[in-house]
Amino acid sequence: MEIIEEKKNKTKKYKPILDRIPDWPVYQLSQNRKEFIEEVTCKAIERIHELRPLYTKLIEDLQTSALREQNRIKRNRWRVDPKDDSQFWLTVKNELAELNAQYTAAVHPQVDEILKRIVHRYASEIAGNFKPNSYRFASSVIKFWFARLLNGARVKKFGAFFRNKYSLRDKIHIVGKVRMIRNLARKGTVVMVPTHFSNLDSILIGWVIHAMGLPAFIYGAGLNLFNIKILAYFMNSLGAYKVDRRKKNLPYLETLKMYSNLAIQKGAHSLFFPGGRRSRSGMLEKELKLGLLSTAIEAQRSLYNSEAKPRKIFVVPVSLNYHFVLEAPDLIEDYLQVKGKNRYFPEEDKYGSFQMIKFLIKFFGNRSNISVSIGPGLDVMGNYVDEEGNSLDAHGRIIDTKDYFMNSGEITVDRQREDEYTRMLSHRIVSEFHKINRVFASHLVSFIAFEMWQKKYHQLDLFNLLRLPEEDLEIDYEEFKTVFKRLRTQVYLMKEKGKINYASHLKGQTNLVISRGIDNVGVFHLNRPVLKNKKGNIITKDLSLLYYYHNRLVGYGLEQFI
Amino acid sequence: MALSNLSEQPVGVIGAGHFGTVISNMLAQNRKVLLYARSLEDVIRINKSREHLGYAIHERVEVINDMARLAQECEVIFPIVPSQHFRAMMKNLAPHLHPYHMLIHGTKGFDITLPGGQTIETVQQLDRSVVKTMSEVIQEESVAVRIGCLAGPNLSRELALRQPAATVVASHFNEVIQTGKRLLKSDRFQVYENSDIVGVEIAGVLKNIIAIASGALSGLGFGENAKGLLISRGAVEMVYLGRALGGDTKAFLGVAGIGDLVTTCNSPMSRNFTVGYRLAKGEKLKDIIEDMKEVAEGINTVRIAKKCADHYKVRALITDRLYKVLFEGLTVEEALEFLMRYPLNVDIDFI
């Protein structure tokens, strides 16, 4: 199987914007880790009291939390969970039951104590632990071994293993507003919000931040990733904090948001995946989780409220574009199951350290590249900003973000208003995701093949379509090519209108681009989503997987041109 | 503290039509008001005579012709101009607006932006990408985000006489609703809250269709049974259409929905009603329009709603027949006959 090389990419080397690690906000945060956890605990407790002014209601909420935690421990226990988890929650539950039984105002201090114990435990669990030495070590390890893998696999000569012909920069294209994000990171605090398709994203984006010369970001990584030891090591050293999606109780959510809020206020550049989890369907995120997103807005308002020269917060959407997503078969399986039956399934990762390394070897040995598109900087209201960080309205007039928080000449705290702002920001981010999404040949090929079959069997619903025997599915190559040309023209037109972006390899001779797409799409899956048969016609070995890769281009209205 | 600040600031109103003038007078009961009028002659004349369209102008209302000053001095602005001028007005206002401004509009109509040279009739389809409510126009044209709207049974003449009435202030933002309430509420004017701004706006727009039909029934000389039938079936049609256009059912059952609908269908004074009435008397649409000074929003609404109903595949019989009467030469009697014979037997199926 010959994979056609993409155009030589131009990812440059960027100098770090802050040379000394001790100058990095994330370092300062971890230096004062203990104090920071205390501060988070204090402020989160304040917020919880604000949300639950009545102690009876608060006790009720804590009891629910304890019950849910016990339930989680029983049903969905992970390797990273602390050993004393069940003991801790049992104690909490019993103490609460007692307080509830003999409730008078006199028990308030005891309730406060329990609340503090819970919040402090959560804050300590969430808090990242950035260490400069392991950061340096981790990044050099990543660089060294990735280079070995790349060179060893690409140049098939003895000794190539130790050459440095290729580096990660050949593998991962960084495109878009890199200069801008570097500028903004100097002038203010950057909150990066990438699309999320694969567990690899977390590491990849860490490297990308490093490669752009930015100081390490703190980032919200799913606690489940810390089950995989090798990932846990890298993520800890890259500055990750932990987000546990199993915990949906009030104290946990408020603690997590306060952690993010305060870290951003302290100027730590941060990153979280606003979709909340990997896209199951392969579609770009349509709905974002509003919790962490709201912390950017709240942090900005707090800064305006408390500082004479407040740092501005910039939201930068990022899109990660792959030809191939390791977990695609499981993700789409989940998606279809849920969509089909709406039944609960526990979240599990089938990939341990070994699978991860195996995947990395495959990935780096192959010429299938990844591209990362850095979107334009936005203020916390989703307005575009210029290179200087000024917010602009639709007509290019400079506006003051502070004004969004003003009423009658003063900054006011209005949570309902900020909830609404969060919703507006999330819509803006989703729309930017669609604009910076980079179409690969493999995406377009998958989209077209699937849509052509869907059109042919339009009387079938999705589930019946996916159940068709693969032998029945064959598209005449010439027919496919005609449609491909037509849709590619549409993609070009859409790019001119700023609605989408495409990789340079999409241009060029049609036959070549189609084979490039076919050869790359889901290249390591056991069953290839699209391939050509002996007659040269288009067939599939796994229609569900094809559906997954096809979904990347859903939402643009391209299907009308099939 | 914030309150006392706000109470010293004047409130802005844009548009010196009937409703704009009456709202200015109502606001002036607790606050200084800057009323923007488009024509300079009007400004001079009103400030001098203290009278406009038959209304005495409250002493705390100052009529001006300067958008910049309006935006500069007023944090809360009530734009009340006809829907077909609304976007142009916003383009003039937008350069002076800041994100702290609150805009609570009182315009009941749709805005449509069609590709060059196209009309509602020639364009292939009408959907929500080109049909906008006024709050959406504000959002598209300016940096203002704290947007609200006023809707309800608010006949200007009755409000001017301080007869009891109510309105809905709708907004996604609680602070906008509370501000609107504080500014408007009086012992003769009740203010209700709603967070479904688009639903409330659409209800206010669509009821104009039914108002024309109501005028037509009157013109044919029919009485209250016929009107009851029209209003109830009209309300159902509004819900269907409204939901297709992005509103929530509830908005249509409230003050801005049923409330406004009943009022408008019973008011021979209203422009929409008059259009229907005169059509039924056999006059031509062209002649009726020429006679009217202010626009009957309902005529455009029928054109837009008909096209949208086609696109979203909503059954909107009244709208559809009315369209045929207005633009395709069907007589009111024929339309009525069709509706009475239509084999429709489900009363309510949307709750």
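## Ground rules

This is a predicted model, where local features need pLDDT of at least 70 and side-chain atom pairs count only at pLDDT 80 or more, while totals for chains, interfaces and linings use all residues. Residues are numbered from 1 along each chain as its sequence is written, with chains lettered from A and ligands numbered from 1 in the order in which they are written.

Strands are DSSP runs of E with at least two residues, helices are runs of H or I with at least four, and both are numbered from the N terminus.

Both faces are covered, with Thr189(A), Val191(A) and Val193(A) buried on one side and Val190(A), Met192(A) and Pro194(A) on the other.

## Who it pairs with

Strands pair if DSSP finds at least two bridges between them. Strand 2 of chain A runs parallel to strand 6 (residues 313-321) of chain A, joined by six bridges, and here Val193(A) sits opposite Pro317(A). Two bridges tie strand 2 to strand 5 (residues 270-272) of chain A, again parallel, and Met192(A) stands opposite Leu271(A) there.

## Where chain A meets chain B

Chain A brings 16 residues to the contact and chain B brings 14 residues, with residues in contact if their C-beta atoms, placed from the backbone, lie within 7 Å. On the chain A side, strand 10 (406-407) and helix 15 (415-436) are the elements giving two or more residues. Helix 15 of chain A gives the most, with four residues.

Conventions
Two residues are in contact if their C-beta atoms, placed from the backbone, lie within 7 Å. A residue is buried if 20 or more other C-beta atoms lie within 10 Å of its own, exposed if 12 or fewer, and partly exposed in between; C-beta atoms are placed from the backbone.
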